Amino acid sequence: MNSDKTILIRAEMLQISQYVQIIKDIASTYPGLSIFKLTTFCYLKKIENGYYKSIYSNKNSKDLVFKGISQMTGKYEDFIQNIKYIVKALDILICNQIIYSENDLIYSNIQGQSPGPTDFLSRVIKESFLYTDRQFMKEVIHNV
């Protein structure tokens with residue numbers, strides 16, 4: 001029983017450490033993202049790194065936010081499950097003053113030192129600044 005608990009703790013630590021790096025990369029490259037947008041983009045980056053590559057490329061130029069979010073379609077349970085790891089990673093980074101929150105927006109104390117997201121995801125993030133959190137959340141909920 002003790003070894004099962006140890007395995008679960010190590011698995012959680014691995015998940016959180018992946019999100020710590022993803023958050024650092026995104027927050028340092030794109031300061032001023034809302035917590036909800038950052039959470040969504042962290043999840044998109046993780047699934048892009050994980051079991052498949054983005055179905056879109058840098059050649060796409062219209063409706064980037066919709067196309068980016070559409071990659072989450074059918075992954076509601078997984079997205080909800082991953083939110084707890086993203087929140088824990090955010091907490092670790094804020095407590096260690098690597099990132100900070102101001103008016104519900106996330107900023108990094110380490111500016112531009114990370115490679116950031118892929119070209120397509122990078123363009124999605126840039127376009128997302130044109131959307132209010134309410135509009136963005138509506139699209140995520142509609143697609144997931």
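Contact means heavy atoms within 4.5 Å. The structure shown is a predicted model, in which local features need pLDDT of at least 70 and side-chain atom pairs count only at pLDDT 80 or more, while totals for chains, interfaces and linings use all residues. Residues are numbered from 1 along each chain as its sequence is written, and side-chain values use heavy atoms, with hydrogens and water left out.

Figure 1. Helices (H or I, at least four residues) and strands (E, at least two) are DSSP runs, numbered from the N terminus. The buried residues of α4 are F79, N82, Y85, I86, A89, L90 and L93; buried means under 20% relative accessible area, exposed over 50%, and partly exposed in between (1.4 Å probe, protein chains only). The cover over these buried residues includes α1 (2–29), α2 (35–49), β2, β3 and α6 (133–143).

**Figure 2. The course of helix α4.** Helix α4 (residues 76–95) has 20 residues, which at 1.5 Å a residue should span 28 Å, and the 29 Å between its end C-alpha atoms agrees with this. The expected span is 1.5 Å times one less than the number of residues in the helix. At I83, α4 bends by about 25°, the bend being the angle between axes fitted to the seven residues ending at a residue and the seven starting there. Q97, with a positive phi near 55°, follows α4.

**Figure 3. The three-stranded sheet.** Three strands form an open sheet in the order β1-β3-β2, with antiparallel pairing. β1 (33–34) and β2 (99–102) stand at the edges with a single partner strand each, so one side of each is left without a neighbour in the sheet. Two strands pair if DSSP finds at least two bridges between them. β2 and β3 (residues 105–108) pair in the antiparallel sense over four bridges, and S101 has I106 in β3 as its bridge partner. Strands of a sheet pair through backbone hydrogen bonds, either parallel or antiparallel.

**Figure 4. The loop between β2 and β3.** N103 is placed in the loop between β2 and β3, and D104 is found in this loop too. Most residues other than glycine have a negative phi. N103, which is not a glycine, has a positive phi of about 55°, and phi of D104 is also positive, near 65°. N103 is exposed, with a relative accessible area of 69%, and D104 counts as exposed at 58% relative accessibility.

Figure 5. Five aromatic pairs are found in a search of the whole structure. Rings of Phe, Tyr and Trp (its six-membered ring) pair if their centres lie within 6.5 Å; planes under 30 degrees apart count as stacked, over 60 as edge-to-face and the rest as tilted. F36 and F136 form an edge-to-face pair, 6.0 Å centre to centre with 80° between the planes. This pair links F36 in helix α2 with F136 in helix α6, 100 residues apart in the chain. F36 counts as partly exposed at 22% relative accessibility, whereas F136 counts as buried at 0%. Y43 and F79 form another edge-to-face pair, 5.2 Å centre to centre with 65° between the planes. Their link joins helix α2, which holds Y43, to helix α4, which holds F79, across 36 residues. Y43 counts as buried at 1% relative accessibility, and F79 counts as buried at 6%.

**Figure 6. The surroundings of F136.** F36, F41 and F136 form one aromatic cluster. K37 lies over the face of F136, at 5.8 Å from the ring centre. A charge sits over a ring if NZ of Lys or CZ of Arg is within 6 Å of the ring centre and within 35 degrees of the ring normal.
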